[in-house]
Amino acid sequence: MGKLLALAVVGLVGALIGERLLGFRNRMNASRELKPKRLPNCHLIKGIEAGSEDIEILPNGLAFISSGLKYPGIQSFSPDKRGEILLLDLNEQNPRPVELRVSRGFDLASFNPHGISTYIGDDDSVYLFVVNHPQYKSTVELFKYVEDDNSLVHLKTIKHELLPSVNDIVALSPDSFYATNDHYFTGLPLMLLEMFLGLSWTNVIYYSPKEVREVASGFYSANGINLSPDGQYVYVADIMDHNIHVLQKHANFSLTPLKVLQSDTLIDNISVDPYTGDIWVGCHINGFKLFFYDPENLPGSEVLRIQDILSEKPTVSQVYVDDGSVIQGSSVATVYGKKLLIGTVFHRALSCEL
């Protein structure tokens, strides 16, 4: 009897592990392959070699780029190089990225930038919010951009127990924001276990100097976040559930779920065209190739454009696909006029004419 019980327990455990493994592979799109679909006028941006994980473009054409991300389980071609914020002037004929100087007193040696967001104040001051992972922890760094000498003045570092694993951020004022936590646990073993088990324990946090609280939850891995041009809606990408959540923002900054747009790809950062409201997303075709890097089987890149997301039938267009031979691991896509910029987690950056 004891042996039969032991066999039954082993069988149940094996079945559970098999079910979880299958779910994990499905969430990672482990078998997904796409044929390249490239644009005719594209070129790699010289001077970006260690990633361009997130890109924010000001109305005047100045693009901030976070580069040099070191993330648990993700490839890095420059493991000993510190992170940096680059500036690209899209008004120039052949723009070259320039590293922005940071004011004294900020710990540049441990700078590990991830998601970024900008906010333009009433006096036209430009504030740059940067998700930072010093020693693989999570902070939000607030800077003020000084255009005269292309520098960033560090204003403050924000830490909070509700911000343990921050991925992306969207600024709401010079000192408040929404942020996504992409994992419940910290530390690579528990993060991988969380992903394997398919726990939907990640969330969106509202932060202000007076109040910090959870405003949305139930995501497998909350990733990119952004606002509609009128500021009434918040878009959140759940990278492991292959979708974008649309939430309505209220005057007290609480969020109400409105709809979910499902896709078949791993959606990373979200950019919003301020003039049309179109959503542009950088996506990962196959998450296994991203997390288990193989130079013989490279992680590809995919860019989607989503029009009329608030309508009953949004239009989703596949704009660009690469198999990794040009650009690996696309994490962001954003437009300025007829220019499309595609950034990556750890690789290079691509500029295309639409």
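Colleague: Which strands each supply at least two residues of the lining of the largest pocket?

Modeller: The strands are S2 (54–57), S7 (113–120), S11 (166–173), S15 (222–227), S19 and S23 (330–336). Strands (E, at least two residues) and helices (H or I, at least four) are DSSP runs, numbered from the N terminus. This is a predicted model, in which local features need pLDDT of at least 70 and side-chain atom pairs pLDDT 80 or more, while totals for chains, interfaces and linings use all residues. Residues are numbered from 1 along each chain as its sequence is written, and side-chain values use heavy atoms, without hydrogens or water.

Colleague: What makes the largest pocket a pocket, and what is its volume?

Modeller: On a 1 Å grid over the protein atoms alone, a pocket is an open set of points with protein on both sides within 12 Å along at least five of seven lines. Its volume is about 1,000 Å³. That is the space filled by probe spheres set on the points, which are joined across faces, edges and corners.

Colleague: How many residues line the largest pocket, and which lie nearest its centre?

Modeller: The lining has 40 residues, with Glu56, Ile57, Val272, Asp273 and Pro274 nearest the centre. To count as lining, a residue needs an atom within 4 Å of a point. By class the lining splits into 22 nonpolar, nine polar and nine charged residues. Nonpolar covers Ala, Val, Leu, Ile, Met, Phe, Trp, Tyr, Cys and Pro; charged covers Asp, Glu, Lys and Arg; the others, Gly among them, are polar.

Colleague: How many cavities does a search of the whole structure find, and what makes a cavity?

Modeller: There are four of 30 Å³ or more. In a cavity a 1.4 Å probe fits but cannot get out. The largest cavity has a volume of about 220 Å³. It is lined by 19 residues, and Tyr71, Asn167, Asn223, Ile239 and Phe291 lie nearest its centre. S19 and H3 are the elements that give two or more residues to this lining. Its classes are ten nonpolar, six polar and three charged.

Colleague: What lines the second largest cavity?

Modeller: The lining includes Arg27, Asp182, His183 and Glu194. The volume is about 60 Å³. Here the count is four nonpolar, three polar and three charged.

Colleague: Why is the pair Glu33 and Lys289 called a salt bridge?

Modeller: The term asks for a side-chain nitrogen of Lys or Arg within 4 Å of a carboxyl oxygen of Asp or Glu. Their closest N and O atoms are 2.9 Å apart, so the pair qualifies. Glu33 sits in the loop between helix H1 (2–27) and strand S1 (42–44) and Lys289 in helix H3, so the bridge ties together parts 256 residues apart in sequence.

Colleague: Are Glu33 and Lys289 buried or exposed?

Modeller: Buried means under 20% relative accessible area, exposed over 50%, partly exposed in between (1.4 Å probe, protein chains only). Glu33 has 54%, so it is exposed. Lys289 has 11%, so it is buried.

Colleague: What makes Arg305 and Asp278 a salt bridge?

Modeller: The closest N and O atoms are 2.7 Å apart, inside the cut-off. Arg305 is in strand S21 and Asp278 in the loop between S19 (266–272) and strand S20 (279–284), so parts 27 residues apart are tied together. Arg305 is partly exposed at 28%, whereas Asp278 is buried at 6%. Elsewhere, salt bridges with shared partners join Arg32, Asp264 and Glu302 into one network. The structure holds twelve salt bridges.

Colleague: What stands out about phi in Gln135?

Modeller: Phi is positive, about 55 degrees, although Gln135 is not a glycine. Gln135 lies in the loop between strand S8 (126–132) and S9. At 59% relative accessible area, it is exposed.
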